[in-house]
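Visitor: I'd like to learn how to read a few features off a model. Could you walk me through them, general idea before the particular case?

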Amino acid sequence: MYWSPTRRTRRGLIGVLATIGATCAALVLAPQAIGAAPHADRHVLPGSSPKWLHSGKQLGATPTNSRIGFGILLGLRDQSAAEAQIQQLSDPSSASYGQWLTNDQFNAKYAPSSTDVDAVKSWLKGQGFSLGTSYQSGLFVPASGTAAQVEKTFGTSLANYSVDGVTVHTNTGVLSLPSDAPTAVVSAVKGVIGVDQGEELKVPSDTEPGPPAGSRYGVQPCSSYFGQKLATDKPSAYGKKQPYAVCGYTPSQLQSAYGLSSSINSGKDGSGVTVAITDAYAAPTILADAQQYNRVHNQPQFKSGQFRQIVPGSNDYDLVNECGASGWYGEETLDVEAVHATAPGAKVVYVGAPDCSTGLDDAWASTIDNHVADIITNSWTDGIDDVADLGTDYIAFYQEFSTEAALTGITVQFSAGDSGDHTSGGTDLASKTAEFPADLPYATGIGGTSVEIGNRGQWVGEYGWQSAYSQPLSGTSWSALPGNYSSGGGGGTSQLFAQPFYQKGYVPKSVSQYYGSTPMRAVPDISMPGDPNTGMIVGQTQVFPDGTYWDQYRIGGTSLSSPLMAGVLAVAEGASRHPLGFVNPLYYSLVGSKAVHDIVAPSKPVAQVRTDFTNLLDPSGGYTFKLQTIDVQSSTLHDTHGWDDETGVGTPNGQQFLQGLAAAAGGGRRH
């Protein structure tokens with residue numbers, strides 16, 4: 001993980017959240033910085049006061065003419081009934097399995113009433129706000145207005161803060177509704193999303209900054225397959241010469257290793273299934289880049305209509321500097337090429353948000369609400385699941401729309417993160433946590449692995465991705481091994497959500513009850529390759545000192561794991577000829593079977609030598625060599641038999657996985 005001036009990496013966001021959660025005394029604000037308490041006759045919105053203000057540097061009042069985008073969250077009519085029905089529809093042993101609701105059925109049973117939605121819209125207009133694109137369910141009403149309008153309507157003051165070098169705006173006190181707000185509005189409003197930006201800047205879940213500001217990873221000397229080239233000119237480690245890391249696995253290698261080749265060759269390639277990718281912004285060269293990548297790697301080209309984008313107008317992007325907009329281009333490229341690599345017949349829809357804040361929340365939720373796709377992969381994160389940082393309204397927003405997805409037969413995936421459980425490999429136990437939104441009960445948290453693919457494309461071995469690196473080689477021996485913990489697939493115990501029905505009996509108490517006697521949600525659910533040293537090669541137009549052109553680089557992170565898994569699932573779903581929808585119960589039903597690789601810790605150290613250009617561009621500045629130790633056991637996450645908090649149920653085991661899903665899902669249908 002690195003800091004780049006053009007991009008906030010995951011390390012940057014975690015620094016924000018850690019600061020917010022741990023150093024409330026870092027800055028004592030002047031009394032006038034705190035918004036005045038609302039008048040007693042106003043309708044206070046509980047939990048809407050930011051908890052993180054003392055950790056940021058106040059930059060002054062938000063200019064009154066600043067444009068503020070936000071939205072009103074309305075509640076589901078019967079959350080408990082919705083959750084009960086999810087269990088009925090997604091449990092393979094249920095008579096109702098697979099009978100997902102249509103959008104109309106969901107709206108009729110669980111969405112807010114049209115009367116409530118209309119009342120909220122009318123009230124917002126009356127306050128002078130502009131309304132955004134309506135949600136067909138009415139769960140969320142996007143709006144925008146000036147800072148002055150927001151302050152007057154919600155009874156607060158707005159201020160700008162600098163947090164970890166990023167400027168955000170927030171309400172400085174509790175939000176409330178005016179005393180004369182209609183009763184229907186007061187009862188319908190569950191929360192306000194977007195006025196407080198402090199917790200909402202999301203970042204991609206890859207471990208290294210991707211281009212377009214050109215960088216090269218996976219450079220020679222490197223291996224075409226795992227273990228191909230031994231580093232005979234480098235010191236031994238763990239009693240032997242270690243191999244050079246792979247240059248980057250190709251689509252054909254990944255297809256072969258995970259048993260997709262025969263399905264793809266027979267036409268069961270994800271055809272008939274649509275996969276949506278949500279990210280921020282939009283790479284201007286994405287289709288040309290992907291088609292060039294397909295040509296180079298002898299993959300099918302995207303056919304007419306197979307790839308499309310839903311993106312804002314060129315003048316509608318926001319927070320370009322704060323979000324590191326160009327850095328998201330690499331994320332989109334990775335996601336598109338990874339989905340197509342594992343499901344070359346699936347339709348791919350890229351949904352690009354206008355920013356990495358409320359705009360990305362809106363893009364994700366509207367993708368569900370409009371049923372844009374059967375599978376939605378999200379390779380970004382908000383970071384640690386701390387309610388004080390995220391806010392109850394924000395968490396409720398994600399709960400409601402993931403509930404809608406589960407009921408209407410949409411699979412929602414989130415990368416589980418690239419910082420393990422945030423303990424720095426077990427050295428900071430007080431920071432142990434899972435990540436949000438991957439720990440949503442009705443989303444699938446995708447973990448990461450380090451995979452060995454052999455000279456014939458065969459799966460050789462796989463381990464949980466938790467890496468340690470030696471110091472760069474400077475003498476005749478590697479530094480004390482395994483070295484310092486670097487990164488790893490996210491996992492652990494949620495602090496937000498109780499244990500869902502599908503994890504009972506599979507997740508050990510040592511994990512589910514880590515924080516107390518109440519069993520809690522745990523992640524990940526399933527895994528795919530994430531280690532950047534056993535990552536995938538991708539191709540993209542990049543800006544180098546000697547010009548702008550298409551080039552390739554190796555990349556990983558659970559940003560890779562999630563789209564790869566989305567492709568595998570698309571192949572399975574296409575073969576089943578019906579939506580698999582909320583798939584977690586299916587995955588857990590495969591625990592202990594031959595359908596999944598049951599990932600366990602290596603019996604002896606597994607290592608490889610990583611080569612980098614010192615300047616990350618070309619050999620002019622020399623080379624840097626480091627030894628990576630794979631699946632370091634100093635981490636507090638461990639891969640064991642059955643489900644574990646490092647790899648979940650494991651990874652797909654080729655045709656047996658596809659057949660196992662089909663058998664477990666037999667009889668599922670949509671009416």
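Visitor: Let's start with Trp123: which helix does it lie in?

Guide: Helices here are DSSP runs of H or I with at least four residues, strands are E runs of at least two, and both are numbered from the N terminus. Trp123 belongs to helix H4, residues 114-126. Keep in mind that this is a predicted model, where local features need pLDDT of at least 70 and side-chain atom pairs count only at pLDDT 80 or more, while totals for chains, interfaces and linings use all residues. Residues are numbered from 1 along each chain as its sequence is written, and side-chain values use heavy atoms, with hydrogens and water left out.

Visitor: Is Trp123 buried or exposed?

Guide: Buried means under 20% relative accessible area, exposed over 50%, and partly exposed in between, using a 1.4 Å probe and protein chains only. Trp123 has 7%, so it is buried.

Visitor: And what does Trp123 touch?

Guide: A contact is heavy atoms within 4.5 Å. Setting aside residues up to four places away in sequence, Trp123 touches Thr153, Phe154, Leu177, Pro178, Ala181, Pro182 and Val185.

Visitor: How do I read a sheet?

Guide: Strands of a sheet pair through backbone hydrogen bonds, either parallel or antiparallel. Two strands count as paired if DSSP finds at least two bridges between them. Here, an open sheet of four strands runs in the order E22-E21-E30-E29, with antiparallel pairing.

Visitor: How many aromatic pairs does the structure hold?

Guide: Rings of Phe, Tyr and Trp (its six-membered ring) pair if their centres lie within 6.5 Å; planes under 30 degrees apart are stacked, over 60 edge-to-face, and the rest tilted. The structure holds 32 such pairs. Take Tyr281 and Tyr317: their ring centres are 5.7 Å apart and their planes are at 35°, so this pair is tilted.

Visitor: Are Tyr281 and Tyr317 buried or partly exposed?

Guide: Tyr281 counts as buried at 3% relative accessibility, whereas Tyr317, at 26%, counts as partly exposed.
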